[in-house]
Amino acid sequence: MRHKAICLLLIPLLLATACSRLTFVRPKGKMESLSGQQVAPEYSVKDSPEVKRRQSVQTMLARATQRLHAGELDPAEKDVRSALKLDPGSADATTLLAVIEDRRGRAQEAGQLYRRAAELAPGQGAAQNNYGAWLCANGAAAESLVWFDRAVQAPGYATPVLAMANAGSCALTSGQTERAERDLRLALSRDPSNTTALGAMAELEFDRQHYLPARAFIERRLASGPATAAVLKLASQIEDRLGDKAAASRYVQRIRAEFPDAQDVNSGGNAGP
């Protein structure tokens with residue numbers, strides 16, 4: 001498959017502030033009088049143990065996320081596991097641990113964690129999308145569609161268009177072209193600049209030998225986000241089929257300049273991911 005840029009990871013870490021839920025402790029006794037004036041009693045206000053626990057988990061996950069972005073995998077994992085000791089059922093912590101395992105190249109371990117997060121939070125669209133994306137990226141494109149459907153249907157999921165685009169891209173991978181076109185066009189109707197949907201539509205039209213529509217989609221894809229070697233390769237193939245050898249050559253030159261480690265960049269072959 002030429003186009004593999006599915007939206008893999010959306011970690012919905014809910015970093016709430018300290019003013020969430022408070023427990024008010026009633027004072028003992030009545031209000032006292034001072035020089036004829038009533039004085040209000042002093043109230044002691046403190047967080048409940050449950051609020052403190054949740055805040056600790058959120059703090060640990062926030063720190064772990066920062067460390068992950070900095071490439072500090074071991075410290076990030078330590079923070080995540082500390083969070084899981086306080087809240088073993090945290091889908092967010094489980095997802096973050098899956099991301100760490102993915103970064104380490106431990107695909108199977110990551111997949112188990114993505115699935116556990118999806119099962120812990122069946123109503124969380126991001127968790128369903130993440131596991132579907134992992135399945136699609138690891139040879140189970142047809143199976144992934146069930147999880148993308150769950151993501152789209154999840155109440156309150158803020159970005160269902162990502163799951164729609166992923167579903168279309170993975171349906172194309174599994175040979176379900178009718179479903180692929182349906183999901184991709186639906187995603188683009190909601191987000192015309194979605195790079196996953198644009199790239200997959202360019203591939204779909206190319207496979208159908210509809211080279212002019214394929215060119216239009218790949219140009220929109222390149223205008224909507226950073227290029228990848230695979231996207232530039234598809235662009236060069238489209239131009240080659242349209243007979244514009246100069247344009248095809250320019251795309252190949254871009255691959256060589258921007259992605260020197262890409263394999264088989266000559267027109268007609270497949271570029272590396």
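Q: How many of the 13 residues of α3 are buried?
A: This is a predicted model, in which local features need pLDDT of at least 70 and side-chain atom pairs count only at pLDDT 80 or more, while totals for chains, interfaces and linings use all residues. Residues are numbered from 1 along each chain as its sequence is written, and side-chain values use heavy atoms, without hydrogens and water. Buried means under 20% relative accessible area, exposed over 50%, and partly exposed in between, with a 1.4 Å probe and protein chains only. By that criterion α3 is mostly covered, and the number of its 13 residues that are buried is eleven.

Q: How many helices and how many strands does the protein have?
A: Helices (H or I, at least four residues) and strands (E, at least two) are DSSP runs, numbered from the N terminus. Of the 273 residues of the protein, 45% count as buried. The assignment gives twelve helices and four strands.

Q: What share of the contacts with a separation of 6 or more comes from residues 24 or more positions apart?
A: A contact means heavy atoms within 4.5 Å. Among contacts in the protein with a separation of 6 or more, residues 24 or more positions apart account for 55%.

Q: Within what arc do the buried residues of α8 fall, seen down its axis?
A: The buried residues of α8 are Arg-179, Ala-180, Asp-183, Leu-184, Ala-187 and Leu-188. The arc is that of the directions from the helix axis to the C-beta atoms. These residues line one face of the helix, because they fall within an arc of 155 degrees.

Q: Which exposed residues does the face of α8 turned away from its buried side carry?
A: The buried residues of α8 pack against α6, α7 (160-173), α9 (195-207) and α10 (211-224). The face turned away from the buried side carries the exposed residues Glu-178, Arg-182 and Ser-189.

Q: How far apart are the C-alpha atoms of Thr-177 and Leu-204?
A: Thr-177 is found in helix α8 and counts as partly exposed at 33% relative accessibility. Leaving out residues up to four places away in sequence, Thr-177 touches Leu-172, Leu-204 and Arg-208. Thr-177 and Leu-204 are 27 residues apart along the chain, and their C-alpha atoms are separated by 7.6 Å.

Q: Why is α9 described as largely enclosed, and how many of its 13 residues are buried?
A: Among the buried residues of α9 are Leu-198, Met-201, Leu-204 and Phe-206. What covers the buried residues of α9 includes α7, α8, α10 and α11 (229-242). Helix α9 is largely enclosed by the rest of the structure because, of its 13 residues, the number buried is eleven.

Q: What is the phi of Gln-209?
A: Gln-209 is placed in the loop between α9 and α10 and counts as exposed at 58% relative accessibility. Although Gln-209 is not a glycine, it has a positive phi of about 65 degrees.

Q: What is the angle between the planes of Tyr-131 and Trp-147?
A: Rings of Phe, Tyr and Trp (its six-membered ring) pair if their centres lie within 6.5 Å; planes under 30 degrees apart count as stacked, over 60 as edge-to-face and the rest as tilted. A search of the whole structure finds three aromatic pairs. Tyr-131 and Trp-147 form an edge-to-face pair, 4.8 Å centre to centre, with the planes at 85 degrees.

Q: Which helices hold Tyr-131 and Trp-147?
A: Both residues are buried, Tyr-131 with a relative accessible area of 5% and Trp-147 at 7%. The pair ties together parts that are 16 residues apart in sequence, because the two residues lie in α5 (residues 125-137) and α6 (residues 141-153).

Q: The charged end of which residue sits over the ring of Trp-147?
A: Trp-147 forms one aromatic cluster with Tyr-131 and Trp-134. A charge sits over a ring if NZ of Lys or CZ of Arg is within 6 Å of the ring centre and within 35 degrees of the ring normal. The charged end that sits over Trp-147, 4.3 Å from the ring centre, is that of Arg-150.
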